[in-house]
Amino acid sequence: MKVLIASALILVGSCSNLRHSKKIENLKNSITYKDETLVKNYLNTIKLEELKSIVEEVSSDKYNGRMTGEEGHNQVCDYIRQSYKDLNLQAPESHPNFYQKVPKEVLPNNLNDSQNIIAYIKGSEFPDEYVYISAHSDHEGVINGEIYNGADDNGSGTAAVLEMAEAFSQAVKDGHPPKRSIVFLHVTAEEVGLHGSKYYTENPIFPLVNAVATLNIDMIGRVDNRHLNNENYIYIIGADKMSTELDFIAQKANSTFTNLNLDYTYNDDRDPNRYYYRSDHYNFALKEVPVIFFFNGEHEDYTKPTDTADKINYALLEKRTKLIFATAWYLANSKTRLKEEII
């Protein structure tokens, strides 16, 4: 009798595994870019030269390291806001100047009032569903008389968001608006504790219950020591923690368009660096919004005044930006909303 029971359990377990494998196979097979040629057209509008121009601007000495609440960071926010005006992107109706005030009362260290910048493209079929593309715009300011320019951290992310906004804007002009709304979000106060994204998620301009996913970009312009012999990579963090489908979408975007090595090292819950908890996507995850954190890892100039624009690998920044754009395109244009389930 014991033998029979054991055999039955093995059979049930095998069937269960087969069912799980089939689910995985079906999900992967369902993710396809039927508009692959169209996506490539707009990927090709993401240019190394334009990314370089933006990074050089936001990380220039004149902004004194973009410390939250200080004039240099306010001026960078003005630059970002003007960029969206030039693209004819919409501001939220409730925040017509593109900015959300982040009051000093919620900021540490006696900082002054600061601001998040928000622009968006309204979806043509599902306007009340939102795909977020985010990056922080602040850095560490001036320390002991030295300017911390933050070209990679996070001039690279800022440039990527603006360049993707331009690509999506061109698609709209050409008659290919996204089915879902896309929100371009530049948050403040990341360096002092993720306070800008925390404020946004506690005071959202668009209901977070309708947020499809957040693609967060924080440092994608350099190469860390682990990849000096193969720079064709990007770290993917958090993609599979709330939605198996989200992870597979990023993988499909990569295999279809960019062929980067997707490194999941820091996605491990046991990773001592705990990067999943250390950038602005985490505040969205706390609100049960599926997230991906795109990251190049720490390098020799991380959090140093030597993180300057001349050290950015712009060809790699372009390729990584294209991966994120293709991922966002799928999320915004798929027939069905992203499934928030783990298979």
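Figure 1. Val-212 touches Glu-129, Tyr-130, Val-131, Arg-180, Pro-290, Leu-331, Arg-337 and Leu-338, with residues up to four places away in sequence not counted; contact means heavy atoms within 4.5 Å. The model is predicted, so local features need pLDDT of at least 70 and side-chain atom pairs count only at pLDDT 80 or more, while totals for chains, interfaces and linings use all residues. Residues are numbered from 1 along each chain as its sequence is written, and side-chain values use heavy atoms, with hydrogens and water left out. Val-212 lies in strand S7; strands (E, at least two residues) and helices (H or I, at least four) are DSSP runs, numbered from the N terminus. Val-212 counts as buried because its relative accessibility is 1%, where buried means under 20% relative accessible area, exposed over 50%, and partly exposed in between (1.4 Å probe, protein chains only). A separation of 9.8 Å is found between the C-alpha atoms of Val-212 and Ile-182, which are 30 residues apart along the chain.

**Figure 2. Strand S7 and its two parallel partners.** S7 is mostly covered, with seven of its seven residues buried. Strand S3 (residues 126-136) runs parallel to S7 and is joined to it by five bridges; two strands pair if DSSP finds at least two bridges between them. In this pairing Ser-134 stands opposite Asn-216 of S7. S7 also pairs in the parallel sense with strand S10 (residues 291-295), over four bridges. There, the bridge partner of Thr-214 is Val-291 in S10.

**Figure 3. The eight-stranded open sheet.** The strands follow the order S1-S2-S6-S3-S7-S10-S8-S9, and their pairing is mixed. S1 and strand S9 (261-263) are the edge strands, each pairing on one side only. From one strand to the next, the twist averages 25°. Strands of a sheet pair through backbone hydrogen bonds, either parallel or antiparallel. S8 and S10 run antiparallel and are joined by three bridges, with Tyr-235 opposite Phe-295 in S10. Helix H6 (residues 195-202) packs on the sheet, where it touches S1, S2, S3 and S6, and its direction makes about 110° with that of S1. Axes are lines fitted to C-alpha atoms, for helices over the stretch in contact, and angles run from 0 to 180 degrees between N-to-C directions.

Figure 4. Strand S2 (residues 114-121) is largely enclosed by the rest of the structure, because eight of its eight residues are buried. Strand S1 (residues 99-102) pairs with S2 in the antiparallel sense over four bridges, and Asn-116 of S2 is the bridge partner of Gln-100. S2 and strand S6 (residues 180-187) also run antiparallel, joined by five bridges; here Ile-118 stands opposite Leu-185 in S6.

**Figure 5. Phe-184 and the largest nonpolar core.** A nonpolar core is a set of buried Ala, Val, Leu, Ile, Met, Phe, Trp, Tyr and Cys residues joined through side-chain atoms within 4.5 Å. The largest has 97 residues, of which Tyr-84, Tyr-132, Phe-184 and Phe-325 touch the most other members. Helix H9 (residues 314-333) gives the most to this core, with twelve residues. Neighbours within four places in sequence aside, the contacts of Phe-184 include Tyr-84, Leu-89, Ile-118, Ile-133, Val-161, Met-164 and Phe-168. Another core, of six residues, lies apart from the largest one and has Met-67, Val-102, Leu-111 and Ala-189 among its members.

**Figure 6. Helix H5 and the residue that follows.** The 23 residues of helix H5 (residues 151-173) should span 33 Å at 1.5 Å a residue, and the end C-alpha atoms are 31 Å apart, which agrees. The expected span is 1.5 Å times one less than the number of residues. H5 is mostly covered, with 19 of its 23 residues buried. Just after H5, Gly-175 takes a positive phi of about 90°.

**Figure 7. His-227 in the loop between S7 and S8.** His-227 is found between strand S7 (211-217) and strand S8 (233-237). His-227 counts as buried because its relative accessibility is 10%. The side chain of His-227 makes polar contacts with the side chains of Asp-224 (2.8 Å) and Tyr-235 (3.5 Å). A polar contact is a pair of N or O atoms within 3.5 Å; within protein, one must be able to donate a hydrogen and the other to accept it, and residues adjacent in sequence count only if both atoms are side-chain atoms. With residues up to four places away in sequence not counted, His-227 touches Tyr-233, Tyr-235 and Asp-263.
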